[in-house]
Amino acid sequence: MKKLLFLAVFFIGFSALAQEGVKLNWLTDFEEAKKVAKKEKKPILIYFTGSDWCPPCKMLKEDFFYTEKFKEKAKDFVLVMADFPRRIDIITEEERQQNKKLAKKYNKKNKFPNIVAVNHNGKELDNIMSYNMMRDTSRHYKFLEKIMKNY
């Protein structure tokens with residue numbers, strides 16, 4: 001029993017360390033993101049998430065965003081996280097208002113998770129909504145490739 005408990009703790013700790021190892025530069029200010037995107041000539045990915053309540057968002061984060069493969073692809077994008085947590089201590093009131101404004105324009109169906117690609121002017125290029133329980137991220141990588149091909 002002790003061995004089983006040790007293995008469980010080991011794998012949970014290893015999983016957390018692996019996720020910590022992938023650092024991404026998520027912006028929360030869309031206006032700042034547009035300036036960076038214009039300067040660096042990159043499209044913007046806006047990730048609409050419910051970080052503390054949305055199971056598919058949590059799975060997508062783990063299976064897609066916390067991978068070395070995505071970390072490499074992310075170099076071609078400016079990343080913006082628009083979080084809609086239920087807990088009020090996760091984001092500031094200013095971020096909450098900015099995120100509502102972004103959602104009104106880019107996430108009208110209020111779907112989570114939702115990734116929207118826009119150019120530096122804020123013109124929507126494409127979007128991909130939801131994440132399935134099969135935990136297959138191939139659709140998301142095809143989405144990134146399509147954006148880069150057409151940008």
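Visitor: Which residues of strand E3 are buried on one side, and which on the other?
Guide: This is a predicted model: local features need pLDDT of at least 70, side-chain atom pairs count only at pLDDT 80 or more, and totals for chains, interfaces and linings use all residues. Residues are numbered from 1 along each chain as its sequence is written, and side-chain values use heavy atoms, leaving out hydrogens and water. Buried means under 20% relative accessible area (1.4 Å probe, protein chains only), and strands are DSSP runs (E, at least two residues) numbered from the N terminus. One side of E3 buries Val 78, Val 80 and Ala 82; the other buries Leu 79, Met 81 and Asp 83.

Visitor: Which residue stands opposite Ala 82 in E3?
Guide: Strands pair if DSSP finds at least two bridges between them. Six bridges join E2 to E3, and the two run parallel. Opposite Ala 82 stands Phe 48.

Visitor: How many residues does the largest nonpolar core have?
Guide: Such a core is a set of buried Ala, Val, Leu, Ile, Met, Phe, Trp, Tyr and Cys residues joined through side-chain atoms within 4.5 Å. Phe 48 is among the members that touch the most others. E2 (44–49) and E3 (78–83) each supply at least two residues. The count is 39.

Definitions and conventions
Buried < 20%, exposed > 50% of the residue type's maximum accessible area, 1.4 Å probe, protein only. Helix = DSSP H or I, 4+ residues; strand = E, 2+ residues; numbered from the N terminus.
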